[in-house]
Amino acid sequence: MMIVSPGLFKHPSRSYSIVGVGLLGTFTYCHKYKINRVSFSSSIPSYYHCRATLSTMMEEVKPEFDSDKAAVLVNELRKTFNSGKTKSYEWRISQLESISKMIDEKEKEIVEALRKDLSKPELEAFLSEILMARSSCKLALKELKQWMMPQKVETSLATYPSSAEIVAEPLGVVLVISTWNFPFSLSLDPVIGAIAAGNAVVLKPSEIASATSSLLSRLVGEYMDKSAIIVVEGAVAETSALLEQKWDKIFFTGGARVGRIVMAAAAKNLTPVTLELGGKCPAVVDSNVNLQVTSRRIVAGKWVCNNGQACISVDYIITTKELAPKLIATLVSVVEEIFGKDLMESKERSRIINSFHFKRLVNLLEEDKVSNKIVFGGQREESQLQIAPTILLDVPEDSMIMQEEIFGPLLPIITVERLEDSFAMINRKPKPLAAYLFSDDEQIKRKFVQNICAGGMAINDTILQVTVPTLPFGGVGESGMGSYHGKFSFDAFSHKKAVLYRSFAGDSPTRYPPYTPGKKKQIKALLSVCIQDEPFWYLQRTENGRI
Ligand SMILES: NC(=O)C1=CN([C@@H]2O[C@H](COP(=O)(O)OP(=O)(O)OC[C@H]3O[C@@H](n4cnc5c(N)ncnc54)[C@H](O)[C@@H]3O)[C@@H](O)[C@H]2O)C=CC1
Ligand SMILES: CCCCCC(=O)O
């Protein structure tokens, strides 16, 4: 079903309805494709195979928002950026205040869109979407003046007398491509960083969360400066049209398969990227833990958090053979305490986003070597797009469920003889976005932090690391590159320009050729002083005492 959604180029001061000659014609709408109930044959095993099939389906319908339209859009935004308007502190603050106002005034509509897209419970929508976006915006409003201040730094004897600073300047016109699982906060959070850093920005939400995508398009058009901040709705074709343009930064949230497409497109223009990808996030559980608290925090980081459809969700657990039965029993009791005995009736869990993800998850459960490993749950109802919280024990490491990111309510538990054996298992896999350890043993904690490479970690909890704005949120290796949240968002969309200030005084002829033997002696003497006293620099303490 193809829906034309209004308002992409509703532009009071300049009309994009370019009537008349040539390729452009009149263009005042974008095409949005609603994909909620796409069903694939159950023989397709992998998520990415499904996604690729979906992409093929999309290609059959030529989009109106094509590369020519995208070029017009980028050109208009570049004019805005080059006018200097987005660089001022006042403009940035005004746009951030508009976002804050939008979130406050439209909270109910946001919750409703999230219910439509994911049956997201109201409180979860508030906590993981509205509060996340609101707190990012409030932090930027509070800290922006400091973030924009040039950072004074040390200089060196070789440049004496001098002073130096690092100046953050906006990259220019940036593209934010978002995804479907936290479709509101994951779209707005990077946009907040882009605006705080003084950029013009295009947001392309995920077509899979179509209600939130439409809401963002309407609200951004209503509240924000349309000459600098635009939402383009659409699917693969529209995203591809955007990727053909020259951007000053692309910020992508989604899977690694598409991350590679984004990076390849960016390479053509040497455009820097931040890739917020995914992966299999392990949770290691030691036998010396408070099992009740551990289980509650794993359940929170798995089934409460968007029904496991979260990039930082616990993907699998590793624990000892001795602890496994007690851990499973405690997890089950906590799940039933939180969601009730009739797991399929609970309204406290988001649904699976659509039928192709539903089928993908069922395929993971029904693989021969896995289907007899289910120790809890396993119920599913396609009409409700719901799968019960499901625990599996000791599935083979070469099974699909242990090879692919699960991104849903299935939780395999793998047992090892010794807890340290878990480290090798984790390090055999691609570097995860997050890794979790539950242990009371300080030595094990230290070894985990030192030996497990991951985007981020939490010790004795799950997922909360992304709520701390002083911690960068991002991946490593297959789970992504770059990071954001808090000032890291401002930095992700800024160029850090080095500036050295010198006076005309003290210009020494020693610096210039011809390098006579006497001069060489002087230079070597000066440099040896630098290297002896300070590694080639002197500490010119600045007025704010910062190095
Ligand atoms: N690191 C993070 O912050 C997060 C990472 N993720 C990861 O994202 C993945 C799930 O997202 P997906 O289902 O992939 O998201 P998706 O299917 O919504 O795609 C992401 C974006 O890429 C676009 N896209 C899809 N195929 C494309 C193509 N062939 N060419 C150009 N653009 C294309 C979509 O229109 C969408 O806007 C998981 O691996 C998850 O771990 C999800 C949420 C947060
Ligand atoms: C609530 C914050 C969610 C972070 C992104 C994710 O886990 O998909």
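The protein in this predicted model is divided into domain 1 (67-278 + 488-494), domain 2 (282-478) and domain 3 (504-533), with bounds that come from an automatic or database domain assignment. Taken over C-alpha atoms, the centres of domain 1 and domain 3 are 49 Å apart. Residues are numbered from 1 along each chain as its sequence is written, while chains are lettered from A and ligands numbered from 1 in the order in which they are written. Local features need pLDDT of at least 70, side-chain atom pairs count only at pLDDT 80 or more, totals for chains, interfaces and linings use all residues, and side-chain values use heavy atoms, with hydrogens and water left out.

**The second largest pocket**

- The second largest pocket has a volume of about 690 Å³.
- A pocket here is an open set of points on a 1 Å grid over the protein atoms alone, where a 1.4 Å probe fits and protein lies on both sides within 12 Å along at least five of seven lines; lining residues have an atom within 4 Å of a point.
- Of its 31 lining residues, Leu 127, Ser 128, Phe 182, Cys 305 and Ile 463 are the closest to the centre.
- This pocket lies between domain 1 and domain 2, because both give residues to its lining.
- Helices α5 (122-148), α6 (185-196), α10 (291-304) and α11 (324-339) each supply at least two lining residues, and α5 gives the most, with seven; helices are DSSP runs (H or I, at least four residues), as are strands (E, at least two), numbered from the N terminus.

**Ligand 2**

- Around ligand 2 (a heavy atom within 4 Å) are Ser 128, Met 132, Asn 181, Phe 182, Leu 186, Ala 310, Cys 311, Ile 312 and Val 466.
- For polar contacts (N or O pairs within 3.5 Å), an N or O atom in the side chain of Asn 181 is 2.8 Å from a ligand 2 oxygen atom.
- The backbone takes part too: a polar backbone atom of Cys 311 is 2.9 Å from an oxygen atom of ligand 2, and a backbone N or O atom of Ile 312 is 3.3 Å from one.
- The protein buries 94% of the 280 Å² that ligand 2 exposes when taken alone, by the Shrake-Rupley method with a 1.4 Å probe.

**Backbone features worth a look**

- Tyr 160 to Pro 161 is a cis peptide bond with omega near -10°, and Pro 161 sits in the loop between β3 (151-153) and β4 (162-170).
- Pro 513 to Pro 514 is cis with omega near 0°, and Pro 514 belongs to the loop between β20 (494-502) and α18 (517-533).
- Asn 307, a residue other than glycine, has a positive phi near 60° and is found in the loop between α10 and β11 (316-320).

Technical notes: Points joined across faces, edges and corners; volume = space filled by probe spheres on them. Polar contact = N/O pair within 3.5 Å; in protein donor to acceptor, adjacent residues only side chain to side chain.
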